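Please keep the viewer open as you read.

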Amino acid sequence: MRGTMYRAEVEPMPENPPDGLPFTGLWKVVIYEGERLVRTDRENITHSMAKRLASELNFQFGVKRSAKGA
């Protein structure tokens, strides 16, 4: 697995209404290897829960956060 870069991202569920308020509705956490979708980790969860889970997964994957203003 050395050299393989995974990342977790938060995406809205397809059922979310397009005209809904930001960060409302149900969300999912998806895992990518480069640009390729590997799998969906969790579905139908709140945005805050999805964001927290994606953050924890990215920490485990060793994803570096970009510095603000850089």
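What follows is a briefing on this predicted model, grouped by topic. The protein chain has one helix and three strands, and from the N terminus on its elements run β-β-β-α. Buried residues make up 24% of the 70 residues in the protein chain.

**The chain as a whole**

- The protein chain exposes about 5600 Å², and 54% of that area is supplied by carbon and sulfur atoms.
- If you take the contacts between residues at least 6 apart in sequence, 38% of them join residues at least 24 apart.

**The sheet**

- The three strands form an open sheet in the order E1-E2-E3, with antiparallel pairing. E1 and strand E3 (36-45) stand at the edges with a single partner strand each, so one side of each is left without a neighbour in the sheet. From one strand to the next, the twist averages 25°.
- E1 pairs with strand E2 (residues 27-33) in the antiparallel sense over seven bridges. Along this pairing, Glu 9 stands opposite Val 30 in E2, and Glu 11 stands opposite Lys 28 in E2.
- E2 and E3 also pair in the antiparallel sense, over six bridges.
- E2 is mostly covered, with six of its seven residues buried.

**The helix and the nonpolar core**

- How does H1 sit relative to the strands? H1 packs on the sheet and touches E1, E2 and E3, and its direction makes about 170° with that of E1.
- The largest nonpolar core has 10 residues: Tyr 6, Ala 8, Trp 27, Val 29, Ile 31, Ile 45, Ala 50, Leu 53, Ala 54 and Leu 57. E1, E2 and H1 each supply at least two residues of this core, and the largest share, four residues, comes from H1.
- As background, nonpolar side chains in soluble globular proteins tend to be buried together.

- Ala 8 is found in strand E1 (residues 6-12). Is Ala 8 buried or exposed? Ala 8 counts as buried because its relative accessibility is 6%, and the cut-off for buried is under 20%.
- Leaving aside neighbours within four places in sequence, Ala 8 is in contact with Val 29, Val 30, Ile 31, Ala 54, Leu 57, Asn 58 and Phe 61.
- Ala 8 and Glu 33 are 25 residues apart in sequence, and their C-alpha atoms are 9.1 Å apart in space.
- Asn 58 is found in helix H1 (residues 47-61). With 16% relative accessibility, Asn 58 counts as buried too.
- Not counting residues up to four places away in sequence, Asn 58 touches Arg 7, Ala 8 and Val 63.

**Pro 12**

- Pro 12 is found in strand E1 and is partly exposed, with a relative accessible area of 41%.
- Which residues does Pro 12 touch, not counting those up to four places away in sequence? The answer is Leu 26, Trp 27 and Lys 28.
- Pro 12 and Ala 50 are 38 residues apart in sequence and 9.8 Å apart in space, C-alpha to C-alpha.

**Aromatic rings**

- The count of aromatic pairs comes to two. In one of them, the rings of Tyr 6 and Phe 61 have their centres 5.8 Å apart and their planes at 40°, so this pair is tilted. The tilted class is the range left between stacked, under 30 degrees, and edge-to-face, over 60.
- This pair links distant parts of the chain, with Tyr 6 in strand E1 and Phe 61 in helix H1, 55 residues apart.
- Phe 61 counts as partly exposed at 28% relative accessibility, whereas Tyr 6 belongs to the largest nonpolar core.

Definitions and conventions:
Residues are numbered from 1 along each chain as its sequence is written. This is a predicted model: local features need pLDDT of at least 70, side-chain atom pairs count only at pLDDT 80 or more; totals for chains, interfaces and linings use all residues. Side-chain values use heavy atoms; hydrogens and water are left out. Buried means under 20% relative accessible area, exposed over 50%, partly exposed in between (1.4 Å probe, protein chains only). Contact means heavy atoms within 4.5 Å. Two strands pair if DSSP finds at least two bridges between them. Axes are lines fitted to C-alpha atoms, for helices over the stretch in contact, and angles run from 0 to 180 degrees between N-to-C directions. A nonpolar core is a set of buried Ala, Val, Leu, Ile, Met, Phe, Trp, Tyr and Cys residues joined through side-chain atoms within 4.5 Å. Accessible areas come from the Shrake-Rupley method with a 1.4 Å probe; for residues, only the protein chains shown count as cover. Rings of Phe, Tyr and Trp (its six-membered ring) pair if their centres lie within 6.5 Å; planes under 30 degrees apart count as stacked, over 60 as edge-to-face and the rest as tilted.
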